[in-house]
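User: Please take me through this model feature by feature, giving the general idea before the particular case. I would like to begin with how the exposure of a side chain is read.

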Amino acid sequence: MDLKQPPLVSSCLDEIRVGKVSQIGFSGILSGIDKQSILLATHIGLEGISGDRQAESFHGGREKAVLQYRSEHYLDWAAEFPDLASKFRTGGFGENFVVSGMSEDNMCIGDYVRAGSALLQISESRQPCFKLNHRFGNPGIARRAQETGRTGWLYRVIEPGDVSPGDRIAVIERPLPDWPISRLQRYLYDIIDDLDMAETLSRLPHLSLGFRALFAKRVESGKAENWESRLSNGPLASRPTVWFEAKLAEVRAETDDIKSFRVVRLDGKPVPTFSAGAHINVKIRNALTRSYSICHLPRSDGYRFAVRKADDGRGGSKYIHEQWRPGERMLVSEPRNHFALSETADRHLFIAGGIGITPFLSMIEHSEYLSIPWELHYCVRDKQRAAFAHDLLGRFPRSVFMHETGGESSNRLDVGMLLRHAPLGTHVYTCGPSALMNDVREHTSHWPDGSVHFEAFNTSQPTAFADCLTFDVELKRSGRLLTVPENATLLDVLVDAGVHVESSCRSGTCGTCRIICLSGEVDHRDMCLSREGRKTSIISCISRGKSKLVLDL
């Protein structure tokens, strides 16, 4: 192939930047992306620049020791996202080297580069990830960096040495002139069905071992990779969440597939207080967020929560069960409560399904403390494998009722019969599978507003989109028209369009993303709006439009 080969280039090290691991904004995500410019000479070793840190083991290391980014790219970013222009300054992409004149078009895989007295070699193109979205406050930055090729590149260190700001940086040898970084990117992200080229790249000398393995796997499987989890990890933090560093103090097996975990603050201070029914958010493997109900009333020895290992989940619970050991460090949020006990109820009726028992443990304790009558109906497949059942039955034999199905639908709790006999002044609380909560909703449609409460932590998409249709929305105040496709939620479309909407559970249970709907027919799928609320509002994370909706936005 006759390719125009880029000339050897040289430039100046405008800035050298290093950073420690810190949280990105309010995201609760740890990263070494926030790097500061240094003014003095520093050493580059085989693992990277002295004093530079990364949050994960798969960043940094010998194949990814130094990151360089073209300074002119920031002008392109500012022009494309003028509302974020103030954020697009050198260092924004977490680079170690700020250099002008060098780009993905004129630098090649395998280039030997002299920087100060160190000798480096380009090993791979930087793969942008969702942390860039949180860094710049826009959910599409990582994807856009991949699409435009404005990614930067990484070096391995051939000869350690010293560098200073202002030193010359130059390509001194080019073993692969046919492989500028931009060409590699085309086969990485665009021409993904060329398996012959993938085979070539799997054996390309000087390309990083990780990229060669990636192309080899593509050849073996016959298909390209799914980059979604790298480019997006869900919505950006829409409001400040207070996170603190914690460590795992205790692990206890409750059943064969349920473990409880107790976490304490890493600094030894008391954990923030909370009310019965509250939950915490926990960062798993740094960026993956999961919500768990606290299983007890406030006490000084931390928070205890329980996790069921879900073989059909997205891997969070499996990772926790298999990898977490006492001493494990993590980020934990201050508690929030979308499932609080009513202060006006004469009696509490708790209905739990499986692992949905967890919020009721603290609610039972508080009801006992206040001497408010309560009753728990605990629905399980197998009573012998029901978490906390033995303790509950032993302490409260007259208030706890077990409903064991054995997998037979005919053995399920008769929700209608139970609720028909509930005394006046009863509030009902349900946490468990959607089928159970739908059953409760159906049989309480005539109950007074505010007397029925639901809780669910569903970290997958709130609907399977199988029965979803495209619909349009008009934002009344701005006059904007948006389309919500069948495979997206209204909340996602609004956030992607730059509309600020508070959100939390993303499963239709907390009501945080409630929006006033001025006209149109809503397909209500939430578990939180009252009958009156459904006349004027929509829960944007899960409900949809049966016709065009006009929103008070």
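Analyst: E80 has a relative accessibility of 30% and therefore counts as partly exposed, a class lying between buried (under 20% relative accessible area) and exposed (over 50%), with a 1.4 Å probe and protein chains only. R144, at 28% relative accessibility, is partly exposed as well. This is a predicted model, in which local features need pLDDT of at least 70 and side-chain atom pairs count only at pLDDT 80 or more, while totals for chains, interfaces and linings use all residues. Residues are numbered from 1 along each chain as its sequence is written, and side-chain values use heavy atoms, leaving out hydrogens and water.

User: How should I read a salt bridge, and in what way do E80 and R144 meet?

Analyst: Side chains of opposite charge can pair when their charged atoms come close. Here a salt bridge requires a side-chain nitrogen of Lys or Arg within 4 Å of a carboxyl oxygen of Asp or Glu, and E80 and R144 form one at 2.4 Å, N to O. Since E80 belongs to helix α1 (residues 73-80) and R144 to helix α3 (residues 141-148), the pair ties together parts that are 64 residues apart in sequence; helices are DSSP runs of H or I with at least four residues, strands runs of E with at least two, numbered from the N terminus. The two residues also belong to a network of salt bridges that links E80, R144, E147 and R150.

User: How many salt bridges does the structure hold, and which residue pairs with R135?

Analyst: There are 25 salt bridges in the structure. R135 is paired with D34, with the closest N and O atoms 3.6 Å apart, and this joins distant parts of the chain, from R135 in helix α2 (residues 131-136) to D34 in the loop between β4 (30-31) and β5 (36-38), 101 residues apart. R135 is partly exposed at 25% relative accessibility, and D34 is partly exposed at 35%.

User: Are D111 and R174 buried or exposed?

Analyst: Both D111 and R174 are buried, and their side chains meet in a salt bridge at 2.7 Å, N to O. Because D111 sits in the loop between β9 (97-99) and β10 (112-115), and R174 in the loop between β14 (168-173) and α4, the pair ties together parts that are 63 residues apart in sequence.

User: Which residues have the most contacts inside the largest nonpolar core?

Analyst: In soluble globular proteins, nonpolar side chains tend to be buried together. A nonpolar core is a set of buried Ala, Val, Leu, Ile, Met, Phe, Trp, Tyr and Cys residues joined through side-chain atoms within 4.5 Å; the largest has 42 residues, and those with the most contacts inside it are I44, F97, M107, Y155 and I169. Helix α4 (residues 181-190) gives the most to this core, five residues. Apart from it lies another core of 28 residues, including I258 and L361.

User: What order do the strands of the open sheet of five strands have?

Analyst: Strands pair if DSSP finds at least two bridges between them, and this sheet runs β27-β26-β32-β28-β30 with mixed pairing. Its edge strands, β27 (480-484) and β30 (537-539), each pair on one side only. Within the sheet, three bridges join β26 (residues 471-475) to β32 (residues 549-551), and these two strands run parallel; E474 stands opposite V550 in β32.
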